[in-house]
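Please open the model in your viewer and keep the selection panel at hand.

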Amino acid sequence: MLALSSDIPTWAHRLPAGRKFAALFGASLAIALARSLPVQGAILVAAVALYLSCGPAFARAGLRALRGLAVIAALIGAWHWLMGAPETAALIVLRLLSAVALANFVTMTTRLEEITALVDRALAALRTPAVLRRRLALAIALTIRFVPVLSDKATRLTEAWRARSPRRASFRIVLPMAIMAIDDAEQVAEALRARGGV
Amino acid sequence: MERSIALIALFAALIGALALLPGLTLGFGVPITAQTLGVMLCGTVLGARKGALAVLLYLLLIAIGLPIAANGGAGLGVFARPSVGYLVGFPVGAFVIGLVSSRFANPMGFWPATLAALVGGLVVINVFGIIGMWIKLDVTLPVAIGYAAPFMPGDVIKAVAAGAITAALWKARPGLAAQRG
């Protein structure tokens with residue numbers, strides 16, 4: 001449940017994760033370096049075409065993920081426009097939209113396990129010792145497991161606060177959350193040691 | 001070792017859970033949430049090295065697609081936004097917070113933790129954030145500082161909150177001070 005990757009199967013899901021990340025790296029570099037408006041426009045059109053090639057439902061999900069950014073891009077564009085630099089305005093808006101859209105596309109079409117496997121392979125290629133890679137994998141798994149646990153705790157604390165006070169809970173719920181994180185860490189460490197350690 | 005890994009992982013999860021608390025986004029794309037408070041706590045509670053590692057783990061999990069960035073953002077796209085400078089500043093900030101607070105005899109006391117959170121959280125993270133917007137948005141430096149300024153009072157409040165929470169944690173779990181580093 002805790003992942004951005006899309007459940008709608010597309011052709012892009014079948015591509016190897018390594019190739020997608022390499023392509024994204026190349027595209028991001030081109031977006032950062034190109035100063036010509038037609039080139040940036042073409043990149044954005046290509047990004048839109050990528051989304052559309054995966055079907056309307058997928059494209060809608062992609063659009064939803066970009067909604068917050070569109071507002072920001074509009075504000076920044078308006079600012080540069082008012083400062084008398086419409087070309088800079090267009091360039092920045094195009095750059096922001098394509099960079100984030102392409103990155104989201106890769107994230108949406110790659111399953112979490114594939115990405116963690118890719119990280120592990122990359123670290124192995126960089127000659128990271130196997131012990132360190134195992135520890136990282138363990139830490140990743142623990143964090144993925146405990147974000148929903150702590151989030152749920154936060155929701156319940158906020159509700160408990162609301163039931164008793166007309167004011168907002170704000171930072172007061174952070175202390176019990178942190179204590180819970182520390183105590184859970186202690187128990188997880190115990191369990192790991194009991195299973196023979198890392 | 002098990003304890004270190006568990007604490008680093010749980011504090012990475014804590015930043016994520018704090019970032020998901022409902023907050024608000026002011027103009028120019030820098031959301032204000034309790035996320036920075038989580039980063040500050042990593043430095044004040046875990047210390048420089050472990051605190052920075054917890055923040056790096058949090059960033060890695062955003063990059064691989066968990067929706068745990070501010071307001072539920074996820075994936076590599078988060079790093080293409082104008083607020084990327086803040087993300088880069090987070091681990092550095094946590095490291096500096098750990099370093100500064102460890103200069104004191106009682107690193108988890110209210111004043112050392114608050115002071116460290118101000119130096120690492122308010123100053124270091126904002127410097128990175130401003131440089132990020134300066135580059136990404138193609139504006140002059142004073143304009144970038146102007147974009148960052150509205151969030152700074154919030155950062156001061158968060159630093160004081162981090163100090164108070166750290167002192168309370170120290171009282172509740174005195175053993176924590178021994179594992180810092």
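Which residues have the most contacts inside the largest nonpolar core? They are B:Ala9, B:Phe11 and B:Leu14, in a core of 118 residues. A nonpolar core here is a set of buried Ala, Val, Leu, Ile, Met, Phe, Trp, Tyr and Cys residues joined through C-beta atoms within 7 Å. A residue is buried if 20 or more other C-beta atoms lie within 10 Å of its own, exposed if 12 or fewer, and partly exposed in between, with C-beta atoms placed from the backbone. Domain 1 (1–110) and domain 2 (111–198) of chain A both contribute residues to this core, so it lies between them; the domain bounds come from an automatic or database domain assignment.

The model is predicted: local features need pLDDT of at least 70, side-chain atom pairs count only at pLDDT 80 or more, and totals for chains, interfaces and linings use all residues. Residues are numbered from 1 along each chain as its sequence is written, while chains are lettered from A and ligands numbered from 1 in the order in which they are written.

**Select B:Phe11.** Leaving aside residues up to four places away in sequence, B:Phe11 touches A:Ala181, B:Cys42, B:Leu46 and B:Ala54. Two residues are in contact if their C-beta atoms, placed from the backbone, lie within 7 Å.

**Select both sides of the contact between the chains.** Chain A gives 51 residues and chain B gives 49. On the side of chain B that touches chain A, helix 1 (2–20), helix 2 (35–46), helix 3 (48–63) and helix 7 (152–172) of chain B each supply at least two residues. Helix 1 of chain B provides the largest share of that side, 16 residues. By class, the side of chain B that touches chain A has 36 nonpolar, 8 polar and 5 charged residues. Ala, Val, Leu, Ile, Met, Phe, Trp, Tyr, Cys and Pro count as nonpolar, Asp, Glu, Lys and Arg as charged, and the others, Gly among them, as polar.

**Select helix 1 of chain B.** Helices (H or I, at least four residues) and strands (E, at least two) are DSSP runs, numbered from the N terminus. Of the 19 residues of helix 1 of chain B, 16 are buried, so this helix is largely enclosed by the rest of the structure. At 1.5 Å a residue its span should be 27 Å, which agrees with end C-alpha atoms 27 Å apart; the expected span is 1.5 Å times one less than the number of residues.

**Select the annotated spans.** UniProt, in an unreviewed entry, places "transmembrane region" at residues 66–82 and 88–106 of chain A. Its positions are given in the numbering used here, feature names are shortened, and annotations may be inferred rather than shown by experiment. Residues 66–82 of chain A are 100% helix and 0% strand, with end C-alpha atoms 24 Å apart. For residues 88–106 of chain A, also 100% helix and 0% strand, the end C-alpha atoms lie 27 Å apart.

Most residues other than glycine have a negative phi. A:Arg127 has a positive phi of about 60°, and is located in the loop between helix 6 (112–125) and helix 7 (130–164) of chain A. A:Arg127 is exposed, with 6 other C-beta atoms within 10 Å. Phi of B:Asp138 is likewise positive, near 60°. B:Asp138 lies in the loop between helix 5 (110–137) and helix 6 (141–148) of chain B, and is partly exposed, with 17 other C-beta atoms within 10 Å.
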